[in-house]
Structures are given as C-alpha cells and as structure tokens.
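Dear colleague,

Please find below the structure that I am handing over to you. My findings on it follow directly after.

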Amino acid sequence: MGKETSKANDKKLRNIKFRNRLGNLIPKIMIAPTFTVSLVCVYGFILWTIWISFTSSKILPKYDFVGFEQYNILFTQEPRWWVASLNLFIFSGLFIAICIALGLTLAIFIDQRLRGEGVFRTIYLYPMALSFIVTGTAWRWIMNPSLGLERLVQQLGFSDFTFRLLVESNVAIYAVVIAAVWQSTGFMFALFIAGLRGIDNSIIKAAQIDGASLKKIYLRIIIPSLRPVFLSAVIILLHLSIKCFDLVMALTSGGPGYSTDMPATFMYAFAFNRGRLAFGAASAVIMFITVMAIIIPYLYTELKGTRNAR
Amino acid sequence: MKRIITSLICLLMFASFAFATGQGDGTSAAKGGEVEVLHWWTSGGEAAAVAVLKQLLEAEGYTWKDFAVAGGGGDNAMTVLKSRALAGNPPAAAQVKGPQIQLWGDEGVLTNLNDVAKAEDWDNLLPKVVADVMKYKGNYVAVPVNVHRINWMWCNPAVFKKAGATIPKTWEEFEAAAKKIKAAGLIPVAWGGQPWQEATVFEIIVAGVGGTDFYKKALVDADVNTLKSATMVKVFKTLRMVLQYIDPGAPNRDWNLATSMVINGEAGMQFMGDWAKGEFTAAKKAPDKDYIAATAPQTSKQFIFNIDSFIMFNVADKDKNAQKAMARLIVQPKFQEVFNINKGSIPVRLGMSEEPFDIPARLAMKDFVATSKSGDLVPSMAHEMAVMPDIKGAMVDTVTNFCNSDMSAEDAAAQLASAVAAVK
C-alpha cells in the first residue's frame, strides 16, 4: 500500500515539475519568432546597409570595399542631397513648432469646459485617421492653381488672386508643411488635452486663492507642468518628419524639379530607381545616424527621468 | 546559461519550421514546361496585349505563369526581380530594357538565345541598332517586343484654327504659333511637370536643334565636352522659350491629364511618345480629323525610340523549351501585330504589313525603316534606352532643375556636364 502511494506521489510530482518547466518555456517559445524576425530584419539589415554603403554596389549588391567614397560623393558632388537636407531642416522645424503651438492653443481652449467639447475633439482628431497619402493627394488638388483654391477664388470674382505655393520651386516645401500640420495638429491637441486633464486641480485652486491671474496660472503652472508632454510631442513629430516619405510622394513627388526632396525620397530615388545601391545606402546611414542622435538622448532622459518627471 | 540554451533551441525549432514550409511549393511542374514572366503591363490595353502571348504559348502546350508587379513604372518590379535573382531563383523572363540588359549580363545570369535568333533570322529582321541593344557580348540575351516613338507632337487642329496658327515644323514656327494660341486665350503647350516628361521634351529639342550626331554624342555617349558646348546652350535656350507657353498648373501633372487638355481643346499641343495615342483613341477621336499626330519640330527625319524587351534567365532544363518558344513567338508577325495594335506602339520586326495599323503608326513604321537605314534611329535618354540609370538620373536632375528655376541656359549646360562627369 505504502509503496503504491509513494509511486503515485512521485508521478504527481513529476507532472507538476513538467508543467512548471512547460510554463517556463511557453513564453520563450512565443517570443522566439518575433525575436528572430526583429533581430534579423531590423538589426541585421541595419548592419547590412552600413556594410553596403562602404562598397561600390550599383544595381545589385557587390561586396568590395571602397571606404568612404560614397559619403564623399554624397557631401561634395551631389547638389540634390543638400536640397534634401535643407528641406528636412525647414520642414521639421516649422512642422514641429506650428503643430505644437496650434495643438496647445486648441487644447487650452477646449479645456475651458466649453459646450460640445466632444464634437470639437472629433473634428480636430479626424485628420489623423487619414493616411499621409490621402492627405497629400487631397492637398495636391486643393493647392493646384488650375483645380483648387486659386481657381475657386478667381471664379468668385477675385480674378487677381493667386495661390502658387505648390508650383513655385522655392516655396513648395511650405506647401508640404501646411499639409503635414493639418494632419498632425489634432494628435498634438489630443496629447496636450490629456496632459492638461492630468494636472492636479488643487494646485490651480491654490494659485487662484493666492490671487494669480489666469494668464499667470497658464504660463507659470500649467505649461511648465506639461514638460513631459512637450518632450513626447517633439520626439514623435521629429521622427515623423525624418521618415516623411509618403506625404512628399503624394503631394509633390519631390517636385517641382527636386525642390521638395527629403532624405527619404532621395534615398529611394537613388537606391531603387537609379541602381546606385551603395550611394542610397550611404544616405540611409546618414539618416539613421540623425535619428539615433535624437532617439538616444530621448531614451536616456526617458529612462532616467521616470522617477522625477512623472 | 540554461536560459540561453533553451532560447537557442526555440530559435532552431522556429527556423527549421520556417525552412520546412519554405520547401512546400515549387513542385508543380507542367507537361510542356512553364515560363514565369515578370512584367508590369497591368493596365487595360497592356494586359490585353500580354494575354495574346499567353494564348499563343498555351496553344503550343506550354504553361504561362504570370508574375505581374504593378506600380512605379517598373520600379517595384525591378526590386522584386533583384531579390529573386539574388536568391538564385529568377523568373524565366523579365521586362528589362536598354543598357540595363548589359548590367544583368554582367551578373552572368542570362541565357543564350542565339539558336532561336539564327533559326528565326533576327539579324536581318531587326534593325542593327535594336539588335545591338538585345545582345550581351555579341550573344542574344533579350527579345524586343515593341517600338515606341518619342518625338511626337500631338495637336488639336481646332485650337490651331481658332488661333489662326499653323502646325509648326521648326522651333521658330513653334514660337509664332504658340504666341497666337496664347493670344487667343488658350494654353499653347499641355505640359506635365514631372522630371521624366521634362526630360522627354528636352531630348526632342536635343535631336531637333543639335541633329542626330550631336544627340548621339551628348545623350548616348554622354560626352562631357559636348554636354557643355554652345549647341547645348542653344538647346536650353529653346527649352526656356517653350516653357513660356505652359500654364501654372503644370508641376507634377500626369502625362495623361496633359493629353486630355489637348483632347478637350484647352491646350494646343503636347510633346509625348506614341502612348498618348491611346488617350485619343479612348476618347473616340479620329487621327487627322480630331487630332493631328505630327513629328516634333525639326525631327521629321529622326526617330527617337523606346523599346520594351524581355531578358531571359538561365532556367531548369525542363523549362528551357518553353522559354525558347516564348522568345520565338514574341518576334513572329502574329504576336507583333496584335500586341502592338493593343499597345499603341509599332512592330520591332521590319517588313510587316502596315494595313492593320492606324495613321500615326503607319507613319512611324515608314520612318522606322527609313531611319534604320539612314542612321537617324536613336535611343531615348529619358526612357532609359541610351545611358545607364545613374547617368540618366544626373541628366534628368539638371533638366528638371532648369525647368523649375530661372537658371540661365549657360549655367544649365555647365551643370549638366559636371553632373554627368560626377557619376561617369
């Protein structure tokens, strides 16, 4: 009898052990595919792109080594690269500044508990539901002189009216800014309103009791306490603007000429349309370094700042 | 340590699983062998044209495996082709044209079609300029499908009549006619402000103003001294003159929208290859009545060509016959006729009956024969027939920059030369 119970116990014990081991293993099995895929497809190909940028690859990859030649051509002999870089600078600067300013203003207005808040929120957020391709195509029609705004106003009787933002090569980049701002302001508004609603009301009440004016409360208390929101907003908008490809493709295709080229469209054109793989890879690496230069400080402050900022 | 080992085992399991599923397909073999064809002819008329080839092959007992990659004017298809070729699994045939055939030849992945060419007498059926494009180191590796003529000017006679202008034969006449059309309140030139369209007009002017020899030196040999010569300055001056007669809505306009401006009588003329004819046909317009297809100014004796072709890859032995049959059928008259009527181009094969073709195509066929003898048959730069994509890119960048700024003609010629020198 005693022998049999100990046997049964043994079996039970083994069962439990097995189950425990399986339980430990299951998360690993589940994670393995995504882990492999991101390891190879993200980090593996980043390394591969860097490698390719040091070769003389044209239409297909070639594994010779030419040092920094592609980078040299990129920075000294390619006027288009400077146009693209300058555009990125103008675009990201204006895009981030205008989006945040508009988003914050809207959020402060809506935060006054006005009637029909839900309706306004939906209206402002809706552009975000569209992809950049749709935004680009719609604005391309709106800003086209012979189809859109210019024609409409002229037909209303103002025959001298001109609106040539999209078709003049020296200002076309501002047309891209307008479309991008229209798309992303709603999102910024949503971020800021969440931030505003998260502020402790008792601080504001205390300030009111102390006799602070509304302006002062906003400038001294509310906006400074939105600091983490500003940080997230800048990071999100900045990486959006560096990756900006679809909007430019749909709105201007980089034109007129190549005046609205961005580093992303530049890379695509050279690596895939022109069979200059190594050259395209070099421009991609420069973009990658730019993104890293922004993301690493961000991660640093985020990870360090969780204790005191939030 | 144990953790690392278990995760490694998981990795291996996953990898072997992926590998096992990867082996699944590729076993479905056809009786007569199959050809897998990568192309980007997916729009209405083009798809119908390709279907003809499929039927002809199936009639001979072969299997056609369609591998159409739409979009991007072939850029997407090229990306797919590169990855397939790198993986050692290319299709039997792929739509690749011009100097890029040589690049694929350099990779050593193309098959030799000399036996088909000999049996079918391609050397005598194809103009030498065309045959040379299809050869890598003297061996046929590609099959030409059709010929597009680039130097066309599509005119709306009603607009010319209204403005009291005549259809121009030289660039001086063009300026006079354009002035009259502008004065009548219409748009003289329907312009599509996309880089490739701007480059198309540019090369038409190069051929007209500079002549055939200049064209060859500048746009085929990409000779730096020719690119910055006084003649090139004159070419850019002519281009600047043409640009005065376009409307402000031109930037980024698609070519077919520009064509519809001519069809609707908003604009007088458009410079575009013969695919524009398809738009007129679709709008039920008759040649010589509703629209006039004239050769572009000063190029009536020249023929700037764009030829689509298929390169053939090394394939497994069982599919070799199907591949060779495809090469043979493409050049044979039956396919040439049906395909080119559908596509709006002309046959690549000399000596075919002009009877079934429309008026613009007949003129093109006559000029194709004449220019192949006189040496005025030249490859298009804007359509990647003349130079490698990187040189073409440098040229197109300069041209589009010129069109969209107030750069002087002298500066443009200098920039063109230095841009080409940088990639050469």
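In this predicted model, the contact between the two chains involves 28 residues of chain B and 31 residues of chain A. On the side of chain B that touches chain A, two or more residues each come from helix 1 (2–22), helix 3 (75–86) and helix 18 (389–403) of chain B. Helix 18 of chain B gives the most, with seven residues. Sorted by class, this side of chain B has 12 polar, 10 nonpolar and six charged residues.

I turn next to the domains of chain B. The domain assignment divides chain B into domain 1 (34–147 + 306–374) and domain 2 (152–304 + 381–423). The C-alpha centres of domain 1 of chain B and domain 2 of chain B are 28 Å apart.

Between these two domains, 16 residues of domain 1 of chain B are in contact with 16 residues of domain 2 of chain B. On the side of domain 1 of chain B that touches domain 2 of chain B, strand 11 (303–312) and helix 17 (359–374) of chain B each supply at least two residues. The largest share of that side, six residues, comes from helix 17 of chain B. Its classes are seven polar, six nonpolar and three charged residues, counted on the side of domain 1 of chain B that touches domain 2 of chain B.

To restate the leading contributors: helix 18 of chain B gives the most to the side of chain B that touches chain A, and helix 17 of chain B gives the largest share of the side of domain 1 of chain B that touches domain 2 of chain B.

With kind regards

Methods:
Residues are numbered from 1 along each chain as its sequence is written. Chains are lettered from A and ligands numbered from 1 in the order in which they are written. This is a predicted model: local features need pLDDT of at least 70, side-chain atom pairs count only at pLDDT 80 or more; totals for chains, interfaces and linings use all residues. Two residues are in contact if their C-beta atoms, placed from the backbone, lie within 7 Å. Helices (H or I, at least four residues) and strands (E, at least two) are DSSP runs, numbered from the N terminus. Ala, Val, Leu, Ile, Met, Phe, Trp, Tyr, Cys and Pro count as nonpolar, Asp, Glu, Lys and Arg as charged, and the others, Gly among them, as polar. Domain bounds come from an automatic or database domain assignment.
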